[in-house]
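Please examine the sequence and the structure shown below.

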Amino acid sequence: MDPRHLVVVGGGMVAQRLVEALRDRDTAGTWRITVLAEEPRRPYDRVALTSYFSGRDPEDLELGDADLWRDPLVRLVRDDKVTHIDREARTVTAASGRTYCYDHLVLATGSYAWVPPTEGADLPGVFVYRTIDDVAALRGYVEKLQSDLRRPVRGAVLGGGLLGLEAAGALHALGAQATVLQVGTHLMDTQLDLGGGEALRRLINNIGVGVRVNAMTVRIRPHRRGGVGRLDLADGGRVDADVVVVAAGVRPRDELARAAGLGIGPRGGVVVDDTCLTDDPDVSAVGEVACIQGACIGLVAPGYAMAEVTADRLLGGAAEFPGADTATKLKLAGVDVASFGDAFGRTEGALELVWADPVNGVYKKLVMSDDARTLLGGVLVGDASAYASLRPMLGRELPGDPAVFLLPEGGGGGAPDLELPDDAGVCSCNNVSAGTIRGAVTEHGCTDVGAVKACTKAGTSCGSCLPLVKKLVTTELTKQGITVSSALCEHFALSRAQLYDAVRVAGLRSFTEVVERFGTGRGCDICKPAVASILATTAPAHVLDGERAALQDTNDHVMANLQKDGSYSVVPRIPGGEVTPEGLIAIGEVAKDYGLYTKITGGQRIDLFGARIDQLPLIWQRLVDAGFESGHAYGKSLRTVKSCVGSTWCRFGVQDSVALAVLLELRYRGLRSPHKLKLGVSGCARECAEARGKDVGVIATDRGWNLYVGGNGGFTPRHAQLLAEDLSTEDLITAIDRFLLYYIRTADRLQRTAPWVEEVDGGLDGVRAVVMEDSLGIAADLDAQMAQHVEQYEDEWRATLEDPEKLRRFASFVNAPEVPDPSLAYVPERGQARPATPDERAAAGRGEPVLVAGSTLEVRS
Amino acid sequence: MTVLDTQKTTWTAVCRVDDLAPERGAAALLDGQQVALFRLVDGRVLAVDQHDPYSDAYVMSRGIVGSRTVDGVEVATVASPMYKQVFDLVTGVCLDAAGKTPVAGASGDLTVWPVRVSDGVVEVGTP
């Protein structure tokens, strides 16, 4: 039998999910599918639209497996908008004039951005925020203004809901000043109560986005130069704006359905029943265009649920729409916001538990039933870490006192572990229950989160449930007696910590010995640097000594940092960020002579970019002669000890933070570790050195030093936690010695101190017991190991310069050591060199007058 | 993998085997073309493009040499120092794209250059 024909009007996220779900289950091939999309691209992740500003290509936003569109039963017609539905003839006609017959029709036309009828809304510079093209046009406009205006571009966003805040974040990311104008009393008023909205406003203000509430725009006025210039508000206020984004809400695109005579809801949208059928049994509607249970829902998760229901029904199933899960969690420029269930406490007799900490920008509220036992909903702003475990508990009794879920980390002994019932939903995007995840482990043999994701689709959309998925998987594996593999790579079945112990106890000194004794094969880019790092502290030797050279990543191998064009950057050590004028001049002279791009780093030193591999020894000879040594910016090792100026100069300083920072940096320089190590010392509680953002942070008190551990910046910023108080300098150093070596011995590869502290037996308390009370009886051993490190430290650049064998590694070409790499090309920018872009290279290749400085910048002999 | 007609191959002496450190690459310049040479622990010398198709930089000789089991067979590999794609050193085939795509116009694999060692001298063949 020929397959029946399903025509899907619309090519958005829900359409994609429908096709995916149907092709997944329709193994007999009873349906062939044609998707008619108005946009000229494949379905993409509209929810992640803002990430397009952080440099992602439109292709990166594509959803699912591209193979879906190569399936012979699936046809995607792009850039062809459907203009007419003939329900009698069961055909649809598209703008191209083509007509398609259907056996079943699904309307997935979505919404459009609604622009309130406002004078000036049609001016150039007024944008909506819905499609990639909208976002690209906005970006182009802002970038053009930035180069024309020579001052920051002022952007205004009309609407303080989800989309408005996304748009404001996008403007902010583009470097524009963004102000959100919210008609209502507070931000995100559909999801948050007033307290949550206020907390969110403060957090958004802190990142530099302005917010005005009760701000109704009545007129958009043009600027003299053309385009938008100013907004007039209903209260007589005015807001200057060079660009305006209207994010006042969305409306269902139900015009086709209206023309076809299908039932339309009172506020628009195609009316469907719980099976997603319209009043025509051959026509369904899914996603934002569907008016289901009386309303259109502008969230993707319910849309996905409708797609699943429709796919099931098309194959003869009996699925019904389970009701919309309107739970929302998002991260906006680092601000966590979540809302779920009855967030406004509208249930009869509902009780509200509120924790508000305006100092740290946290607002949390749980809505409980009248007996304070059953969770009905909640609002989390500033810290939404409890979301993943709380949301699946909606409508269920929480164990114990619900207040523990609101208290900050470590404040109340932590929230109890929740044993989720099998039917509790974990991934709301893909409607996956705790039972399904457990089943993936127990019945389908999945042994890690990756396999469970592939098997169940849990966590594959927004990812906010992944911590919970991981916990469930690990618990289930442990129950089965399966230990989660911690093998380093295919060559070593041991974890890094096990290998460290094995190598140390066996007293091995080379990779060949290690791999022959404990591994297989010849290693790889994962285990070789790991073994090099282990040997660096168990059997210290120069990075380029003998076989060790072959283990190093290129950065460690040439003792510089590889940059995108294949050149390197050079960072001399500047302990504690303290540098003499002579030192600065020496660095400046080197940079000038070699044409290096110069930038101050976050670690209080100077990075010199654009050095060719063959220039590195020449540059370092000059730096070593001027008294500098390697800064190990290239290594998984101690980077810097950042400090404030301290009590010697500062009016408020209580201790000499610079002297301590210099002492610590010279003590731990060259110490190889599982990941980079950063330290900081502040001379008083004002914390100008940002020491709590470091792996080890020291803050002066009037009685000594407070020691914090486990902080970092980067992708997952963490504040270091207090390990010990009011230590003398001597005790402080002993504590840091032991902390660092305990970490180096037992952490996983590329695991920074924060996650390591969490995983150590007993967490921070466990670390404290080992470091401060020697609970494992290894303190003497750790102290001796650190003494050996301090004793044996040598500047690896100075040692390299003294060894002709090592210097041979820096030849540009083995057969032409004098010829510089001809592929390097630079152009001037703001008075310095930067790598030429591919376009600039191509233009130079065509002989067009593009300023490409040669790869050999003049060197003074 | 590029198959060369050995009849027409011209061999160019590049360096001595001893100039190459075991399991560490070296770049060579052959008539303007950049080649990455690798000497393995078993004594073999292999050559692939110095150009990394995933980063568009000339850096392959600076990658870490290792091995990987492919269909039960251990093959010699090099990992790009830039974004860590892993290539088979014998065939040039990319074994692990590390989730990236090659730069526009580049194949995801490396071209392989024939190498022979005579009298301790490494020679690279060009068609």
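How many residues of chain B are in contact with chain A, and how many of chain A with chain B? In this predicted model, 31 residues of chain B are in contact with 24 residues of chain A. Four strands of chain B, namely β1 (10-16), β2 (26-30), β5 (64-70) and β6 (73-79), each supply at least two residues of the side that touches chain A. The largest share of that side, 6 residues, comes from β5(B). Sorted by class, the side of chain B that touches chain A has 18 nonpolar, 5 polar and 8 charged residues.

The next topic is a helix within chain A. Helix α17 of chain A, residues 657-668, has 12 residues. From its first C-alpha to its last it reaches 16 Å, close to the 16 Å expected at 1.5 Å a residue. The buried residues in α17(A) are S657(A), V658(A), L660(A), A661(A), L664(A), E665(A) and Y668(A). Seen down the axis of α17(A), these buried residues fall within an arc of 160 degrees, so they line one face of the helix. They pack against the strands β32 (638-643), β33 (677-682) and β34 (696-701) of chain A, and also against helix α18 of chain A. Just after α17(A), G670(A) takes a positive phi of about 80 degrees.

In helix α11 of chain A, residues 496-506, the buried residues are R496(A), A497(A), L499(A), Y500(A) and V503(A). Viewed down the axis of α11(A), they fall within an arc of 160 degrees, and therefore they line one face of the helix. The buried residues of α11(A) pack against α12 (511-518), α13 (527-538) and α18 of chain A. Just after α11(A), G507(A) takes a positive phi of about 65 degrees.

How is it placed against α21(A)? Two packed helices are described by the angle between their axes and the distance between the axes. Helix α18 (residues 729-746) and helix α21 (residues 779-792), both of chain A, pack at an angle of about 95 degrees, with their axes 9 Å apart. Because of this angle, α18(A) is roughly perpendicular to α21(A). In α18(A), the residues T734(A), D737(A), R738(A), L741(A) and Y742(A) meet A779(A), L782(A), D783(A), Q785(A) and M786(A) in α21(A). By class, this contact has 5 nonpolar, 2 polar and 3 charged residues.

Key: Residues numbered from 1 in each chain as written. Chains lettered and ligands numbered in written order. Predicted model: local features only at pLDDT ≥ 70, side-chain atom pairs only at ≥ 80, totals over all residues. Axes fitted to C-alpha atoms, helices over the stretch in contact; angles between N-to-C directions. Parallel < 35°, antiparallel > 145°, perpendicular 65-115°, else oblique. Contact = placed C-beta atoms within 7 Å. Nonpolar A, V, L, I, M, F, W, Y, C, P; charged D, E, K, R; others polar. Expected span 1.5 Å × (residues − 1). Buried ≥ 20, exposed ≤ 12 C-beta atoms within 10 Å, placed from the backbone. Arc of directions from axis to C-beta.
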